[in-house]
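Have the model open alongside while you read.

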Amino acid sequence: MRFLPPPFEKKWLLFSLWSAIAASILIVLARFVLSGQQFELIYMLRFMLLGTVISLVFSAMGFLGGIRLWYCSYAGFVIGLAVMVYFSRFSGNKGGWEELIGLLAFAQLLAAGVIVGILVEIIRAVYLKIKSKQ
């Protein structure tokens with residue numbers, strides 16, 4: 001956890017910028033390069049916007065002190081991208097539903113990462129509260 005800046009530091013601005021760029025590149029690569037989808041500029045811009053918004057929300061959580069939430073959320077993001085590529089590229093039937101299923105699986109795993117991160121932060125807070133009373 002050392003590469004993340006401490007909470008409430010100005011370094012989070014630069015970190016969130018780089019994080020947004022990386023997330024945008026990852027989601028565009030997953031969609032157009034790894035999934036083998038036909039490239040369209042408007043879809044690329046929409047996916048880049050999606051990656052930027054997701055990254056900025058995660059970075060805001062990290063800035064506010066949710067470091068473990070940041071890690072779990074990004075784990076859900078990366079796993080969701082991998083599953084989206086799997087459904088879009090490697091599922092047997094090419095009827096057109098694979099892209100939708102992959103996008104929904106991405107959204108579900110992204111939400112699961114956020115939920116797990118929130119649970120980890122709550123468990124950590126309870127543990128620290130109990131430990132401080134001893």
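1. One term before the rest: a crossing counts as left-handed if the near helix is turned anticlockwise from the far one by less than a right angle, and as right-handed if clockwise. With that in hand, helix 2 passes helix 3 in a left-handed crossing. Keep in mind that this is a predicted model.

2. Now the overall picture. The protein chain has 4 helices and 0 strands, which reads as α-α-α-α along the sequence. Its C-alpha atoms fill a box of roughly 60 × 30 × 20 Å along the principal axes. Of the 134 residues, 36% are buried. As for contacts between residues at least 6 apart in sequence, 69% of them join residues at least 24 apart.

3. Back to the helix 2 and helix 3 pair. Their axes lie 7 Å apart and the packing angle is about 160 degrees. Angles over 145 degrees count as roughly antiparallel, so helix 2 is roughly antiparallel to helix 3. On the helix 2 side the contact involves I54, S55, F58, S59, M61 and G62, and these meet I67, L69, W70, S73, Y74 and F77 of helix 3. Just after helix 2, G65 has a positive phi of about 110 degrees.

4. How do helix 1 and helix 3 pack? The angle is about 15 degrees, with 9 Å between the axes. That makes helix 1 roughly parallel to helix 3, and the crossing here is right-handed. Helix 1 brings W12, F15, S19, A23, L26, I27, A30, R31, V33 and L34 to this contact, while helix 3 brings I67, W70, Y74, F77, L81, M84, V85, S88 and R89.

5. Next, the largest nonpolar core, which has 23 residues. Within this core, I27, F58, W70, F77, L81 and F106 touch the most other members. Helix 1 (11-34), helix 2 (41-63), helix 3 (67-90) and helix 4 (97-133) each put in at least two residues, and helix 3 gives the most, with 8. For a closer look, pick L81: leaving aside residues up to four places away in sequence, L81 touches L26, I27, A30 and F106. As background, nonpolar side chains tend to be buried together in soluble globular proteins.

6. On to helix 2 by itself. This helix has 23 residues and reaches 32 Å from its first C-alpha to its last, close to the 33 Å expected at 1.5 Å a residue. Which of its residues are buried? They are M44, F47, G51, I54, S55, F58, S59, M61 and G62. The cover over these buried residues includes helix 1, helix 3 and helix 4.

7. Last, helix 4. With 37 residues at 1.5 Å a residue, helix 4 should span 54 Å, and its end C-alpha atoms are 54 Å apart, which agrees. Its buried residues are E98, G102, A105, F106, L110, G113, G117 and E121. Helix 1, helix 2 and helix 3 are among what covers them.

Notes
Residues numbered from 1 in each chain as written. Predicted model: local features only at pLDDT ≥ 70, side-chain atom pairs only at ≥ 80, totals over all residues. Heavy atoms only, no water. Core = buried A, V, L, I, M, F, W, Y, C linked by side-chain atoms within 4.5 Å. Buried < 20%, exposed > 50% of the residue type's maximum accessible area, 1.4 Å probe, protein only. Contact = heavy atoms within 4.5 Å. Expected span 1.5 Å × (residues − 1). Axes fitted to C-alpha atoms, helices over the stretch in contact; angles between N-to-C directions. Parallel < 35°, antiparallel > 145°, perpendicular 65-115°, else oblique.
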